[in-house]
Amino acid sequence: MSDPEHPPGESTDVQAGKAPAGSSCAKRQMLAALITSDVTIRRLDLLLSEANGQERILATISYGASMLHHLTASAPWIALQTRLCILARLKGRVPTKKVTPASSKSKFQALASLTSETRYNLRLFGLLPLWIWGAETLKSPPADPILHALTVLQIISNVIYQFLENVGYLASKGIVSKRFVEKYGGLAKWDIWSNRGWFGHIFFQFFVLWRQSVLRRQRLTAQRAAAGTIENKETKAEDNEALRLEIRAWRKSMVNNVFWAPLCLHWCVEKGIGIPDSLTGLISFCAGAWSLHDCWAGTASVKG
């Protein structure tokens, strides 16, 4: 017999009423997920359409894959070493045999190599923006003579870096004669001197940042001295916002330089300065993380 408190007809109606509600909720969730995915893909597409954004994405993939490779490669070795140490302690002796991790090319290492080579290919055109930078500096040099001299030195350093890297990379692919490169030291020497050119840019950038800080303090002091001049609230707010953005850009450049300096110096020396390969991906990622954040934030206006 049926339950008198819940007749068959009433139970059927309740279940029929619940089904459309659950289906409607599932459809709304699916639609929201599709809209979110659409916006994310559109933002990513916009980011990749810009040269700086494309470089940042590729660099992040390369550095992230490098970090994952070293983590996955060292994890089994660390676990094995831990087991050996525990067994040795239980037996009351110290293990004499040193275990080394097996060297095998992982998928992450292959991905890091692929993205790195892609960035090498894109940088083959790197001399073009350097030419434009040099031409603009000649046409309208910085008003401050110290900044002018530092900018010229940075342009020269970057041209050395990019030219040596391009020729060395093309020679490694058999496009440029290796005999020419071997005549002047070989690929290894060209790579080291290319990194030294890059380090020259980083080295001079510290002085650029110092000089910019000095000029900014002088400008602010002069503005405070002339505070008696009439200015409305809107003008003052605009000046404050411009100053905030200027200081933020200065700090971002300083953070980038601080991370790149030791790593680039490590690559400038034949035997390095002691930075392990397992940390190069992490340091490189930290150097460009702020820039990647700003590039991604710049796509926030994209709508679904």
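Predicted model: local features only at pLDDT ≥ 70, side-chain atom pairs only at ≥ 80, totals over all residues.
Residues are numbered from 1 along each chain as its sequence is written, and side-chain values use heavy atoms, with hydrogens and water left out. Local features need pLDDT of at least 70, side-chain atom pairs count only at pLDDT 80 or more, and totals for chains, interfaces and linings use all residues.

**Exercise 1.** Determine how the axes of helix α4 and helix α5 cross.

*Solution.* Helices here are DSSP runs (H or I, at least four residues), numbered from the N terminus. The axes, which are lines fitted to C-alpha atoms over the stretch in contact, with angles from 0 to 180 degrees between N-to-C directions, come within 10 Å for α4 (residues 127-139) and α5 (residues 145-172) and cross at roughly 160 degrees. Angles over 145 degrees count as roughly antiparallel, and α4 and α5 are therefore roughly antiparallel to each other.

**Exercise 2.** Find which residues of α4 meet α5.

*Solution.* With contact taken as heavy atoms within 4.5 Å, Leu127, Leu130, Trp133, Gly134 and Thr137 in α4 meet residues of α5 including His148, Ile155 and Phe163.

**Exercise 3.** Compare the reach of α5 with its expected span.

*Solution.* The expected span is 1.5 Å times one less than the number of residues.

**Exercise 4.** Is serine 194 buried or exposed?

*Solution.* Serine 194 lies in helix α7 (residues 187-225). Its relative accessible area is 3%, and buried means under 20% (exposed over 50%, partly exposed in between, with a 1.4 Å probe and protein chains only), so serine 194 is buried.

Conventions: Helix = DSSP H or I, 4+ residues; strand = E, 2+ residues; numbered from the N terminus. Parallel < 35°, antiparallel > 145°, perpendicular 65-115°, else oblique.
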